[in-house]
Amino acid sequence: MRSEKFFRGFVAALRMQGETEIVTKGDAHHRTLDAVVERLEEIRRAKKPGAEEVPDVLVPREITGRYRAWDSALVTLQRGRLLAGRNPTYPIVEILFDKEEAKRLLERYTPEQRAIFAELAEAYSRQPVAS
Amino acid sequence: MDAAEAFERLKKQGIIPDVIACLEGIFGPLIEEYLSDNGKGRGAGGSKAFKDAVWGMIDLTGPEVLIADSPPLQRLRRVRQLGFGYLTYPSAGYSRFEHTLGAVHQTERMVLAIRRRSKSNLHRDIDESLSTVRLAALLHDCGHMPGSHVSERFFDEKECPQADLRMHAAQIQSDLAQAFKLPPEVRLAECLSVCMAAMPSFYDLLRNEARYEPEAIATAALAIAGKAAEPSHYFVSQLISNAIDADKLDYMFRDSLFTRVPLAIDLERLLYKLKCEEVSASDLAPTTSRGLPKDSRPRVLATDTSGDLLAYDVSQTREMLYSRVYFHHKTRAAERVALELLGRRPHRPEELLAFDDGFFVDERTPRSRSAKKLARRLAWRRLPRRAFAISDYFLDPSPEQLRVEWVGLDEDLADPARRQALEKAIEAECAAIAKLLKCPRPEAVHLDPRAEHPTPGGSSLLVSLPDGSVSTGQGYAPDAAAETQDPTDSAHVFFSGADAEAELVYVAAERILAREFDLYFTRDAADQAKVNWEKVIDLKRNLEEAHPQSFEDYGRLRARPLLVDDASLDGQIASIAKRFQHYTTVPQVMLTEERVRDFLAQFPEPLVEPMLEALEKIEFLDRGRLGTDFAASLMKQSPTNAVFVPLTSGYAKSASHIPYFLSDHRGSLPFMSLEEALKTDRPLVVFDDVLVSGTQSTKILNTWLGERKPPYRGVPVLGPDQRQALRERSVRFHFAWAWHQGVERLAERQQVLQLDAEVGAMVIDESGPALNGISNSEALRAFLREVGKSVLMTTKGQRGRKPWSEEKCERSALGYNNDERLVVIEYNTPTGTITPLWSSGTFRNADWTPLFPRRQRSGSAGGDAGQPGEALAGEG
């Protein structure tokens, strides 16, 4: 699965969790993603079906701890109006679609992948800084 | 991490030994030959200065000259930095060798700059790092394959048609990442540069001839991949791989000079603002600091808050270079050909390092005939041209309504197999259209997915704050602001063929995108691709003329018939609009000339004039006809003491509107309900505006007299005494306009019901089918029948608890009961009137816009309700 496709599914799962925005101020979105990475490690260790298809891009950058692919997804998903950043300071990135659209987006993935997204989104949403 | 240890680990990691062995096979003999010419074991000679077009004199030390003269570096003289960019910007043909020298030069400038502004206890380390970072700069590009980034693109998931090749390339990246403990996002060319440094013959040259220490070689190799050997040397990797690094500070200025695309970067000030900072581990990101001893003091490249803004300028400017230079559509077109060529003669990435840019254009290289053709296209710059720009900005309607559909297209464009299937579909559509129009078709269609812009968040420049602490900067915010896409950032449909075929390809692509993804685009998709919109419209008109059914599935893509906007019809259209200007049912509908033209635009060219004739033939009951003429007619035809009873009642029922119009008449008409009227002994005049088939009026009559079960909705059932009273009363049914069939039917029914009634009207239409006598009437009727059925099927056929059957829709296509009438009332249109005149719906996958939308029933969304047979105007 391409990284962009992975993050599209992940963001759709976030929307299903009730999230409507991703806080990016002060790299908050990277810190919340740390929790997702931990959960993903557990999923991988448990060898849950579909885990092997998650792209291996959730590795933080040395020094800044940023996930480049996550930042990249937040920009590229603004195409097709899935997300919208508030130029020029980008304190948050809004999720523009509703739960119904999120459901339709998730239908493009296998049930196993959807289950993983749901787990990851839940881990993300548990973080106090997520919204 | 110990650099040498990591470098040694790499040499044994996964498939890396095979890659190194392959490279050794290519370069080993060349290096041996080079060293034998140079005098093996003699070591480095003296320093050298190169005169560079961008930076002036560039000094290389003796060991650096030895490396620069070696085959891995000399090969870069024949690899252009900008790949096929020179086919767009003629002067942008400089080589990666020139850039490499420039990067070495900029490395030194950066190191000297940070030394000046760093604390003195760091000077020694910074000084000692100079030769290592220069070595890294010297080696950083030697892994570039022919055509530079186009070959890297070939191995990407989005492009590579061969899974084994793609997986092999991904494995190289993954193995390197694993060995160096990095995210697997190091570019393939950088991985190969690192592998080149690990190749025995070249490593031997670096170690034993140029006399670099193993630790320095390993540190340089790690820096190329963006990895620091240890926290105290974070700044070394940052100088080579960062948002601001020696690589970018050369190529951006070099590209700008040779393309004359100006840069807005204050380089002097940026360099002035850089420094090396020793920070506490806790100042770094939690994920980084987690692995570091708490008391460690990492050394990082930093700037201050104003320097951070200068770094933002670099992000913005780089983005502009991507849009203007790197992703220029002509360059992308050339890359498209090069990618196909790479697919014809597949090599592994490391194998491609045996070639230079001649790989793509050398006509002597043995290739298949089709591959030779592709090579000739590149050699002689016969490049594909654009025919369609695919961007979400150009979607119609707006992309907010098409998110999921857009994702479908976006994903298909990013998948080589599905993209190829789409290319074939467009080619087939081109062939079909070309056959119908007897015109040439393009040789090939190429779909180019949207280009991947640089990844934001790559910056690792820390910001030192006035209180002495260090921040990781704003991160996503400035990068994303710089890199959010611009509207011209699109995927493209290219084609190989004559320029004149652009419109054909546009039309074909438009149809396939509509068919496969249900996506439609505004004309921007053509304008952006520099396709002449007028010619597109002409082609569509010619296509429809040559083959009237060609838009059967693509109604939305039809061109507006030429005649609709022709000045010769101005008078007729103006007169029709004026005649119907007071038609009012839906507040937002104004019956203007534009609306008449838009309505006619839905018809095929040959049917525009006949439909115009039909519109002229419409009986329009306006205020004058109803308020004055009909009132006079009612007075004339009624006994002097008669009372007037509306046939229908309730909101939106026609008879409840008529008294409003009739009040225009000077003499007052006594209106009352049927029940009230029966309490009197006066003759009754039951009135309504129109009587078409008589279905509705007979239903009402049946209900009054208790003959209909269940009763017709909203109509009172009379009691036995009232029925008797009605039967004994003189009754006249009087309409403003009536069709003779309706008159006969109602007259027959009242007789059966034993009423003493007459049926009359101000105007009795004795004609047959309304379209008779109109030019080309059979074709017009057939078309209207098709439209009528389709709009009913897509509205009534899909709505409610009892959707209409196909047969029922067919039976009402030309007005309910296929009455085929042409009568319209100022406040509504009877359903007996030809259906496409009043019903909305879908026809040939396009929205059908009626000229006279019907009045909406209270609480209903559509304006065209009713049942067949309920052909009175007020029914709705």
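In what order do the three strands of the open sheet in chain B lie, and is their pairing parallel or antiparallel? In this predicted model, the strands follow the order β5-β9-β6 of chain B, and the pairing is antiparallel. Strands β5 (385-390) and β6 (444-448) of chain B stand at the edges with a single partner strand each, so that one side of each has no neighbour in the sheet. From one strand to the next, the twist averages 20 degrees.

Strand β6(B) is joined by five bridges to β9 of chain B (residues 491-496), the two running antiparallel, and within β9(B) it is B:Phe495 that stands opposite B:Val445.

| Helix of chain B | Residues | Strands of chain B touched | Angle between directions |
|---|---|---|---|
| α17 | 329-344 | β5, β6 and β9 | about 60 degrees with β9(B) |
| α22 | 416-437 | β6 and β9 | about 140 degrees with β6(B) |

On the scale of the whole chain, chain B is divided into domain 1 (3-342), domain 2 (384-451 + 489-557), domain 3 (568-617 + 771-848) and domain 4 (622-760). The centres of domain 2 and domain 3 of chain B, taken over C-alpha atoms, are separated by 31 Å, and their contact takes ten residues from domain 2 of chain B and six residues from domain 3 of chain B. On the side of domain 2 of chain B that touches domain 3 of chain B, there are six charged residues, three nonpolar and one polar.

Turning to chain A, the axes of helix α1 (residues 3-16) and helix α4 (residues 99-106) of chain A come within 9 Å and cross at roughly 145 degrees, in a left-handed crossing. From α1(A), the residues A:Arg8, A:Gly9, A:Ala12, A:Ala13, A:Arg15 and A:Met16 meet A:Lys99, A:Ala102, A:Leu105 and A:Leu106 of α4(A). By class, the residues of this contact between α1(A) and α4(A) are six nonpolar, three charged and one polar.

In the loop between β3 (92-95) and α4 of chain A lies A:Phe97. Is A:Phe97 buried or exposed? A:Phe97 counts as buried because it has 22 C-beta neighbours inside 10 Å, where 20 or more are required. Not counting residues up to four places away in sequence, A:Phe97 touches A:Arg15, A:Leu82 and A:Ala102 and also B:Arg403. The C-alpha atoms of A:Phe97 and A:Ala12 are separated by 8.4 Å, although these residues are 85 residues apart along the chain.

Key:
Residues are numbered from 1 along each chain as its sequence is written. Chains are lettered from A and ligands numbered from 1 in the order in which they are written. This is a predicted model: local features need pLDDT of at least 70, side-chain atom pairs count only at pLDDT 80 or more; totals for chains, interfaces and linings use all residues. Axes are lines fitted to C-alpha atoms, for helices over the stretch in contact, and angles run from 0 to 180 degrees between N-to-C directions. Helices (H or I, at least four residues) and strands (E, at least two) are DSSP runs, numbered from the N terminus. A crossing is left-handed if the near helix is turned anticlockwise from the far one by less than a right angle, and right-handed if clockwise. Two residues are in contact if their C-beta atoms, placed from the backbone, lie within 7 Å. Ala, Val, Leu, Ile, Met, Phe, Trp, Tyr, Cys and Pro count as nonpolar, Asp, Glu, Lys and Arg as charged, and the others, Gly among them, as polar. Two strands pair if DSSP finds at least two bridges between them. Domain bounds come from an automatic or database domain assignment. A residue is buried if 20 or more other C-beta atoms lie within 10 Å of its own, exposed if 12 or fewer, and partly exposed in between; C-beta atoms are placed from the backbone.
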